[in-house]
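Here is a short briefing to read with the structure open beside you. Take a moment to find your way around the fold, then come back for the details.

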Amino acid sequence: MELQALKITLTLLDTSIDKKIVKRFLTRQRFIIGRHYPVFAFGLVLLYSIFHGNIYAMRNNRLSNTYDIHTTVLSNEAVAEAHYLLRCECPEIAQHARPGQFIHVMISQDTGLLLRRPFTIYTVEGREITMLYQIIGEGTKRLSEMPKDAPLHILGPLGNTFDFTVKPEPAILVGGGAGIASLMLLAVALRRNGIHTFGLVGAQHRARLLSVTDLEAIGITVHIATDDGSVGHHGYVTDILTDLLEGTAWQHPTVYACGPHGMLSAVAKITVDFEVPTQIAMENRMGCAMGVCLGCVCPVRIDTNTVEYQRVCTEGPVFDATDIAWDV
Ligand SMILES: Cc1cc2nc3c(=O)[nH]c(=O)nc-3n(C[C@H](O)[C@H](O)[C@H](O)COP(=O)(O)OP(=O)(O)OC[C@H]3O[C@@H](n4cnc5c(N)ncnc54)[C@H](O)[C@@H]3O)c2cc1C
Ligand code: FES
């Protein structure tokens with residue numbers, strides 16, 4: 001009965017490419033949906049209107065300093081194997097973006113992609129923002145094919161931010177693959193505040209290495225690790241983290257990390273052992289990015305016996321690494 005109703009909703013939402021994704025997502029989320037299907041169906045209908053741009057009233061009430069902007073691609077260039085840097089003009093987002101925050105991008109109205117895709121704001125320069133992204137599936141592939149002047153529909157900035165109010169000495173940024181993109185605005189903010197910062201950058205191989213020159217240009221000491229040893233340390237970026245924490249008695253080291261789930265869980269394990277405060281940016285798949293659909297939840301440990309699911313789009317994307325229930 002429940003599944004039948006889900007199927008009807010999917011038919012109503014009749015999309016091409018995203019139907020498979022939504023269906024997979026719904027099947028996985030059944031433990032959350034449970035007997036609350038009517039509420040969930042209402043959420044889906046709400047999402048449908050959100051994705052089609054009817055968000056203005058909600059935006060004004062719930063998301064102050066968040067803007068839904070129609071813009072165009074200024075440039076969209078390959079910067080590494082399967083990785084692109086896209087630049088566009090979004091003055092309001094540029095003005096309000098904070099380290100760790102993200103944008104939700106409608107790739108194009110005519111691609112048949114219902115869901116927007118989330119990307120971190122990589123850099124801000126005057127009225128312009130950039131996003132650094134990896135080609136993963138249909139959405140990012142279509143994005144990489146967008147020429148100059150192609151229309152884009154961008155909602156943002158969204159989510160919480162990295163915190164460095166307790167001065168890190170030093171700050172250690174750990175980025176795996178495209179995860180380094182989530183740490184760039186933070187890197188700039190840390191250096192502006194005169195904070196000694198290390199950038200540990202991991203990649204599969206040399207051709208996929210990202211952001212090294214951007215980080216070095218703002219005075220960050222960069223250490224590289226590649227899975228195949230084609231450049232830098234032969235192994236995981238977490239090996240360098242362990243060496244760095246073992247090597248020196250730092251004053252108040254603080255780790256900021258983003259990357260694949262396995263890397264984040266390894267970082268959390270290491271920094272718990274060293275008792276180093278650690279903030280991580282989670283990159284769960286998203287639906288609405290506005291706290292409605294529960295598509296992005298991750299398990300957070302409230303106490304020894306209690307795990308609560310929190311929304312990466314609204315309670316996150318930045319979490320204290322010790323709060324995440326990595327074993328769930
Ligand atoms: C807050 C946030 C910030 C992000 N910032 C960036 C960024 O700056 N740069 C960047 O390259 N990517 C970033 N991502 C990830 C990015 O959103 C996904 O790679 C993108 O949505 C994939 O879309 P797609 O249509 O190409 O892939 P899809 O066709 O949607 O998916 C293709 C395959 O990849 C898997 N997949 C898709 N998204 C994810 C994910 N988030 N985690 C694990 N598996 C996934 C799917 O299960 C599927 O198997 C961010 C994600 C979040 C939540
Ligand atoms: S993506 Fe919908 S609640 Fe987070």
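The notes below cover a helix pair and a strand with its two partners.

This is a predicted model, in which local features need pLDDT of at least 70, side-chain atom pairs count only at pLDDT 80 or more, and totals for chains, interfaces and linings use all residues. Residues are numbered from 1 along each chain as its sequence is written, and chains are lettered from A and ligands numbered from 1 in the order in which they are written.

**The helix pair**

- Helix α10 spans residues 237-247 and helix α11 spans residues 261-273; helices here are DSSP runs (H or I, at least four residues), and strands are E runs of at least two, numbered from the N terminus.
- The two helices pack at an angle of about 15°, with axes 10 Å apart, which makes α10 roughly parallel to α11 (angles under 35 degrees count as such).
- From α10, V237, T238, L241 and T242 meet M263, A266, V267 and I270 of α11; contact means C-beta atoms, placed from the backbone, within 7 Å.
- By class, this contact of α10 with α11 has six nonpolar, two polar and no charged residues.

**Strand β7 and its partners**

- Six of the eight residues of β7 (residues 151-158) are buried, so the strand is largely enclosed by the rest of the structure; buried means 20 or more other C-beta atoms within 10 Å of the residue's own.
- Strand β1 (residues 67-80) runs antiparallel to β7, joined by six bridges; pairing takes at least two bridges found by DSSP.
- Strand β3 (residues 102-106) also pairs with β7 in the antiparallel sense, over four bridges.
- I154 in β7 is the bridge partner of I69 and of V105.

How values were computed:
Axes are lines fitted to C-alpha atoms, for helices over the stretch in contact, and angles run from 0 to 180 degrees between N-to-C directions. Angles under 35 degrees count as roughly parallel, over 145 as roughly antiparallel, 65 to 115 as roughly perpendicular and the rest as oblique. Two residues are in contact if their C-beta atoms, placed from the backbone, lie within 7 Å. Ala, Val, Leu, Ile, Met, Phe, Trp, Tyr, Cys and Pro count as nonpolar, Asp, Glu, Lys and Arg as charged, and the others, Gly among them, as polar. A residue is buried if 20 or more other C-beta atoms lie within 10 Å of its own, exposed if 12 or fewer, and partly exposed in between; C-beta atoms are placed from the backbone.
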